[in-house]
Structure formats: C-alpha cells, structure tokens
Amino acid sequence: MKRSLLLSYTLLVVSFITIFIGSCKKDDENIIVSGTVVDPQNGNPISGANVYLDGKILSSGIYNESYSEIASAITDASGHFEITTAWQVVSSYRLRAFKRNYFDSQTIVAAESISKGATYSTSLSLFPASWVRLNINNVVGYADDEIQYKFTSTPQSCADCCSNSFLIGSGNYHTAYKCRAVGNRYNKFYWTVRKNGVTNPFTDSVYCVAFDTATININY
C-alpha cells in the first residue's frame, strides 16, 4: 500500500515537472508585445483601440517585401494591450494602432528588438480627429477671379485629410470643402484672392473640437 502511494506520488511529481518544463519551453518560443495607447495631447489612455503586430516574414528562404499581420489585440479601459504570439523569423516588425474617429498610427520596430521569451514594451499614440468645413463664396464673380487656399498646420496622412497643397478656384467660384484635421487644437489655413488683377493674401485659424465640425465662411 505504501509502495503504491509512493509510486502514485512519484508519477504525479514527474507529470507536474514535465508540464512545467513544457510550459517554460512554450513560453520561450513566444514573443510578448505590450504597452498602452494614449492621446499624445493630454496623455489620456484610449480604450477600444485595435493594435496590430505585422512582420516581413521569411517564406521559402526569402523575406516578404510587404508586411503581413501576425497577431492583434484591443486596448482595455486603461489603454493597455498585450499580444502574445509564436516567434517567427522576420526582417522587420510594424505596430499599427487604429480606432474610429482617430488618426491611424504606425511604428516600425527592428527585428532584433523583439526576442523569443521576452517582453517588448512600448507606447503608441492616436490623435483624435475633427472636421473643418470651408464654405467659399465669390459674392460678385468675374471670369478672371481666382482663389487659392490650403491648410498650413502639420498635415496627417489620409485620403480626406485637410490638404497643405493649394486648392484653386476661378471665376464665379462657390464650393463647400470638408476635410479631416487633428482635434482639440487650432488649425491654421492660408488663402489668396485675385480680383481686378490684384492679389491679396489672408491667414486665419480655427479651433477644432475633437469629433466635431468647425465651419469657416470665406466670402470674397
């Protein structure tokens, strides 16, 4: 009876050690990427943001030229995220953060910075978005009238972002131009008007509340 109990106890200990070693080995094959996503203007955490870990993965002895998604996570109420995934051979990593009504962001991470069995910690930023609506109206239009306008604040990269390249209107010009800008800050814009052969420059700025639309009327 004692021998049977001793044997059972020995088998239990061996099983525990085997599971423990296997678990350690599994952890050694994983990488962990953790951190927070914040609004860089005030440092507040952003919950519900999607964070993606991408890599240029080695395939058939050749590194892919483009990034492929490896794993992802969603930030919690504290803006914290953690991605645990199997280590792969890559030439470069990329971290992307995304949330509706924020500007996307991405960070390139050197392959050697993320190691097997180790945790890579970082902080990612997402700027809140707002919108600007320019109502432009040539009150008394002539064929040779011209207006050129652009935003001069640091631009973001998106299809509907406020342009820092001149947009041009001529003649009897009327338009409503709506674009996306960084919220909770002043956004500057510049325009010139040519009337009767005379060109005059103008500058102004508008405070854009995050997630809202600011309206500007330009009559010339």
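**Close-up views of a predicted model**

**View 1. Trp131 and its bridge partner in the sheet.** Trp131 has Thr213 of strand 15 as its bridge partner. Strand 9 (residues 129-137) runs parallel to strand 15, with 7 bridges between them. Strands are DSSP runs (E, at least two residues), numbered from the N terminus; pairing requires at least two DSSP bridges. The open sheet has 3 strands in the order 12-9-15, with mixed pairing. Strand 12 (174-182) and strand 15 (213-219) are the edges, each pairing on one side only.

This is a predicted model: local features need pLDDT of at least 70, side-chain atom pairs count only at pLDDT 80 or more, and totals for chains, interfaces and linings use all residues. Residues are numbered from 1 along each chain as its sequence is written, and side-chain values use heavy atoms, leaving out hydrogens and water.

**View 2. The disulfide between Cys158 and Cys161.** The S to S distance is 1.8 Å; a disulfide here is a pair of cysteine sulfur atoms within 2.5 Å. The S-S torsion is about 115°, so this disulfide is right-handed. Cys158 is partly exposed at 25% relative accessible area, while Cys161 is buried at 9%. Buried means under 20%, exposed over 50%, partly exposed in between (1.4 Å probe, protein chains only).

**View 3. The disulfide between Cys162 and Cys179.** The sulfur atoms of Cys162 and Cys179 lie 2.0 Å apart. Cys162 sits in the loop between strand 10 (146-151) and strand 11 (167-170), and Cys179 in strand 12, 17 residues apart. Cys162 is buried at 9%, and Cys179 at 3%. Cys208 is in no disulfide; the nearest cysteine sulfur, that of Cys162, is 7.2 Å away.

Note on methods
Helices (H or I, at least four residues) and strands (E, at least two) are DSSP runs, numbered from the N terminus.
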